Amino acid sequence: MSSDTATAPLLSILLLCWNHARYLEQCITSISAQDLTGVEVVLLDNRSSDGSAALAERLFARHGIAARVLGNAEPKAIPVNFNHLLAQSSGDLVAILSTDDWYEADYVSCLLTAARTHSDAGWFSCSGWLYFDQEQRSEPVDDAQFIIDRPVGEVILAGGEPHFFVGCAYWRSALEAVGGWDETQLIEDRDLFLRLSERFAHHRIDRRLVHYRRSSAAASSNAAFMLEGWERFFAKQANAFGPRLNARRAETYRSYAALLTDQGDYRSAGAALWQALRLRPWSGLSWRTLLYLGRRALAGRNGQRAATRR
């Protein structure tokens, strides 16, 4: 359905695109399935090199969506792009989506119902599916991992997951009250949720409404990038973490060491584990991870020697 541009929109769907030409059809088709009455759609192309912006304009026209397509002269960081999208939109409620992800057909209707019913909330989340790009398969998000019986800020500071981070929507007034996305952060979503939680309630829509594409090219798959992001977050929120800061930093390095070990990157795993043990040398879990790393690395060397003998 085409969007209604005669009056100020209630909802702005804000799309961020970077070299997503092969995914745009799926994303924009999912938006066309929504009831877009009172909804504006704004796409920001982050200096793609694959023709994404021109393709997006053609797809919007084909689906009858009166969207605006913006573009950066140079690539910018995710929080910079989000703030730009916010400034270029006008809806009281804003939903952010990367264009390699996509919505279920009733995303907008469920969101607007939740916004009317839970007017005290500053932001909204939902559940969804993980789509594994290489295997071309989906699986439902494990909702059991989300800690929903404790305040969001408390869960984040304890290292837990308060809700699914994809498919979130926010009241513009709440975003503006906390200063939007922090452009110095690399894991900008967790930082935003922590700041929002200090002033606003959160509402979780108990529906699977968004599909999140998992790819080896994603920033979340880059351990060095993520560890730098975590260090920036810890530095900014050191006072909020208080005495548990070093324990949280150590566990972050340890968990990435285990992940890197599983991926066979033993050198990087060792470097991450060294940081964990430096911060908290008495951690039994870190020492067990060290033994796991040693066994995996030794098995890998033995396997290489056996292959060489053949």
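This is a predicted model: local features need pLDDT of at least 70, side-chain atom pairs count only at pLDDT 80 or more; totals for chains, interfaces and linings use all residues.
Helices are DSSP runs of H or I that are at least four residues long, and they are numbered from the N terminus. The chain contains twelve helices and nine strands. Its radius of gyration is 21 Å, close to the 19 Å that the globule rule gives for 310 residues, so the chain is as compact as a globular protein of that length. Along the principal axes, the C-alpha atoms fill a box of roughly 70 × 50 × 35 Å.

Of the 310 residues in the chain, 49% are buried. Among contacts with a separation of 6 or more, 76% are accounted for by residues 24 or more positions apart. The chain exposes about 15000 Å², of which carbon and sulfur atoms supply 52%. As for charge, there are 34 positive and 35 negative charges, and their mean positions lie 10 Å apart.

Aromatic rings deserve a section of their own. The count comes to 14 aromatic pairs. In the pair of Phe146 and Phe164, the ring centres are 6.5 Å apart and the planes stand at 45°; planes between the stacked limit of 30 degrees and the edge-to-face limit of 60 count as tilted, so this pair is tilted. Phe146 sits in the loop between strand 7 (137-140) and helix 5 (152-157), while Phe164 sits in the loop between helix 5 and strand 8 (169-171), so the pair ties together parts that are 18 residues apart in sequence. Phe146 has a relative accessibility of 8% and counts as buried. Phe164 is buried too, with a relative accessible area of 8%.

A further pair, Trp230 and Phe233, is edge-to-face, with 5.8 Å from centre to centre and 75° between the planes. Both residues lie in helix 8 (residues 223-236), three residues apart, or about one turn of the helix. An α-helix has 3.6 residues a turn, so residues three or four places apart point the same way. Because buried means under 20% relative accessible area, Trp230 at 10% relative accessibility counts as buried. Phe233 is likewise buried, its relative accessible area being 0%.

Note on methods: Residues are numbered from 1 along each chain as its sequence is written. Side-chain values use heavy atoms; hydrogens and water are left out. Helices (H or I, at least four residues) and strands (E, at least two) are DSSP runs, numbered from the N terminus. The radius of gyration is taken over C-alpha atoms; the globule rule is 2.2 Å times the number of residues to the power 0.38. Buried means under 20% relative accessible area, exposed over 50%, partly exposed in between (1.4 Å probe, protein chains only). Contact means heavy atoms within 4.5 Å. Accessible areas come from the Shrake-Rupley method with a 1.4 Å probe; for residues, only the protein chains shown count as cover. Lys and Arg count as positive and Asp and Glu as negative; His and the chain ends are not counted. The place of a charge is taken as NZ of Lys, CZ of Arg, CG of Asp or CD of Glu. Rings of Phe, Tyr and Trp (its six-membered ring) pair if their centres lie within 6.5 Å; planes under 30 degrees apart count as stacked, over 60 as edge-to-face and the rest as tilted.
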